[in-house]
Amino acid sequence: MTEFIHRFEPATRAGSPPLLLLHGTGGDENDLLGLGKMISPDSALLSPRGRVLEHGMPRFFRRLAEGVFDEEDVRRRALELGDFVADARKRYGIAAPVAVGFSNGANIAAALLLLKPDVLAGAALLRAMVPLSDPPTANLVGKPVQLLSGQADPIVPASNSAKLAMLLSDAGARVDHRVLPAGHQLSQADVTLARNWIRSVEALA
Ligand code: MLT
């Protein structure tokens, strides 16, 4: 069992979907707690720190260059994260979480969806890109996925996020893809859209 340094905050209302918060490069387990509370105030929050270091900056998997991933490491780390979530679910008594990932955290969440679909109840992927060039055929039937992309994102080309949306919907996910007038950084619109999306997911559960 691989341990991740993490924070856990219990739910304040039974039935709220637990969130798995996954930070971007250089972030840590504290980074997205505020975002999690904004988008789903009553949810349990499980927030691990990425175990890979790039010049001292935590990440969830290794990359060879910006936007060029070490895919063997992506696969290995996604499975590690999946094991951590399974263990944390037992430890804290929570349901399968909805991932809320930003940038590198969104990319590992996308990899987890493709490699181990049962780990997540759904995912909000903020500034995500295609994590694997040759992903396995996943069964994501009915899984809610929100993809929030930035029109002027210098890291994620529009064609790449469109490809990810296609990959996930081809696997059966219910994909809500929005392209915002933003760059790679998050905007207030991301928070509002993610909050509304989580509410719609909750209503369906
Ligand atoms: C990644 O490496 O996952 C992406 O390039 C996003 C980033 O972390 O900058």
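Me: How many Å lie between an oxygen atom of the ligand and an N or O atom in the side chain of arginine 63?

Reply: The model is a predicted one, and the distance is computed from its atoms. A polar contact requires a pair of N or O atoms within 3.5 Å. For the side chain of arginine 63 and an oxygen atom of the ligand, the separation is 3.2 Å.

Me: Which residue has a side-chain N or O atom 2.5 Å from an oxygen atom of the ligand?

Reply: The residues surrounding the ligand include Thr25, Arg63 and Asn104. A polar side-chain atom of asparagine 104 is 2.9 Å from a ligand oxygen atom. The distance of 2.5 Å belongs to the side chain of threonine 25.

Me: What percentage of the area that the ligand exposes when taken alone does the protein bury?

Reply: Taken alone, the ligand exposes 260 Å². The shell around the ligand consists of 3 nonpolar, 5 polar and 2 charged residues. Of the ligand's exposed area, the protein buries 96%.

Me: Why is the protein chain described as being as compact as a globular protein of its length?

Reply: The chain contains 5 helices and 11 strands. For 205 residues the globule rule gives 17 Å, and the chain is as compact as a globular protein of that length because its radius of gyration is close to this value, at 15 Å.

Me: What percentage of the residues in the protein chain is buried?

Reply: A residue counts as buried when its relative accessible area is under 20%. Among the 205 residues of the protein chain, the buried share is 53%.

Terms used
Residues numbered from 1 in each chain as written. Predicted model: local features only at pLDDT ≥ 70, side-chain atom pairs only at ≥ 80, totals over all residues. Heavy atoms only, no water. Near = heavy atom within 4 Å. Polar contact = N/O pair within 3.5 Å; in protein donor to acceptor, adjacent residues only side chain to side chain. Areas by Shrake-Rupley, 256 points an atom, 1.4 Å probe, with all protein chains shown as cover. Nonpolar A, V, L, I, M, F, W, Y, C, P; charged D, E, K, R; others polar. Helix = DSSP H or I, 4+ residues; strand = E, 2+ residues; numbered from the N terminus. Rg over C-alpha atoms; globule rule 2.2 N^0.38 Å. Buried < 20%, exposed > 50% of the residue type's maximum accessible area, 1.4 Å probe, protein only.
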